[in-house]
Amino acid sequence: MAAATDGGGLPLLERHFTSGEVVRDVIMGVSDGLTVPFALAAGLSGASAPSSLVLTAGLAEVAAGAISMGLGGYLAAKSEADHYQREMKREQEEIIAVPDTEAAEIGEIMSQYGLEPHEYGPVVDGLRRNPQAWLDFMMRFELGLEKPDPKRAIQSALTIALSYVIGGLVPLLPYMFISTAQNAMLTSVGVTLVALLFFGYIKGRFTGNRPFLSAVQTAIIGALASAAAYGMAKAVQTR
């Protein structure tokens, strides 16, 4: 009986989600984009600032936040790539300098999977005949490092920055159409909470967590952030 396949001919049981890094960047950008400008707008509204000022400050924060978050994503991915290159160079030197020691480490790794020397011996010999495969094996199974995508740093920066902008514009939309900051804030609260619930649900689906629990947790975090900012603005205003 033939195995069921998807539209591309791949067995259904072999389909795996492989875009974890992109999803992580989107989650990071959107979650911060929804909560930080939301808290800022709520805080300024609590200080009785006009909608135009709240909108201007919010847009400035979205721009600065997108640049900062994107730069952080770029540096993190670049540091990861640099670390991989350093470890690969060190491992390559060890394979050349102490090949017997490195070969013994292959056996130790294989034994952790329940293989006996007579079972993993041919594998060790095969890897020793192929230095590049040997290096790749040691990087992955000894050091636990995956070779990063050379374009990862730029992709991470752009993904996080764009996600931050998209998330950050949501709580600011009411201030574009409602002149009274207090009324705009109430609308922003409703719109943003709906967005947080939706985003939390989608995040839960992609990360394997319970979607409804993820939605509630994300909404609570955003609500607490905005409430704290609003309360501090009110406290400062009364002094």
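Modeller: Gladly. A helix here is a DSSP run of H or I with at least four residues, numbered from the N terminus. Leucine 169 has its place in one of these, helix H6, which covers residues 152-169. Please keep in mind that this is a predicted model.

Colleague: Why is leucine 169 called partly exposed?

Modeller: Buried means under 20% relative accessible area and exposed means over 50%, with partly exposed in between. Leucine 169 has a relative accessibility of 30%, so it counts as partly exposed.

Colleague: And what makes aspartate 32 partly exposed?

Modeller: The cut-offs are those of 20% and 50%. Aspartate 32 has a relative accessible area of 27%, which lies between them, so it is partly exposed. It sits in helix H1, residues 20-46. Leaving aside neighbours within four places in sequence, aspartate 32 is in contact with Pro37, Met69 and Tyr164. Its C-alpha atom is also separated by 7.8 Å from that of glycine 168, 136 residues apart along the chain.

Colleague: What makes a group of residues a nonpolar core?

Modeller: The members must be buried residues such as Ile, Trp or Phe, joined through side-chain atoms within 4.5 Å. The largest core has 15 residues, of which Ile106, Trp134 and Phe137 touch the most other members. Helices H2 (51-97), H3 (99-111), H4 (117-128) and H5 (131-142) each supply at least two residues of this core. H5 gives the largest share, five residues. Apart from this core lies another of 10 residues, including Ala41, Val54, Leu55 and Val62.

Colleague: Which residues form the nonpolar patch on the surface?

Modeller: The patch is formed by Leu59, Leu169, Leu173, Met176 and Phe177, with about 460 Å² of accessible area together. Helix H7, residues 173-177, provides the largest share, three residues.

Colleague: How many helices and strands does the protein chain have?

Modeller: The protein chain has nine helices and zero strands. Of its 239 residues, 36% count as buried. The chain exposes about 14200 Å², with carbon and sulfur atoms supplying 65% of that area.

Notes: Residues numbered from 1 in each chain as written. Predicted model: local features only at pLDDT ≥ 70, side-chain atom pairs only at ≥ 80, totals over all residues. Heavy atoms only, no water. Buried < 20%, exposed > 50% of the residue type's maximum accessible area, 1.4 Å probe, protein only. Contact = heavy atoms within 4.5 Å. Patch = residues over 30% accessible without salt bridge, like charges linked within 9 Å, V, L, I, M, F, W, Y side chains within 5 Å. Areas by Shrake-Rupley, 256 points an atom, 1.4 Å probe, with all protein chains shown as cover. Salt bridge = Lys/Arg side-chain N within 4 Å of Asp/Glu carboxyl O.
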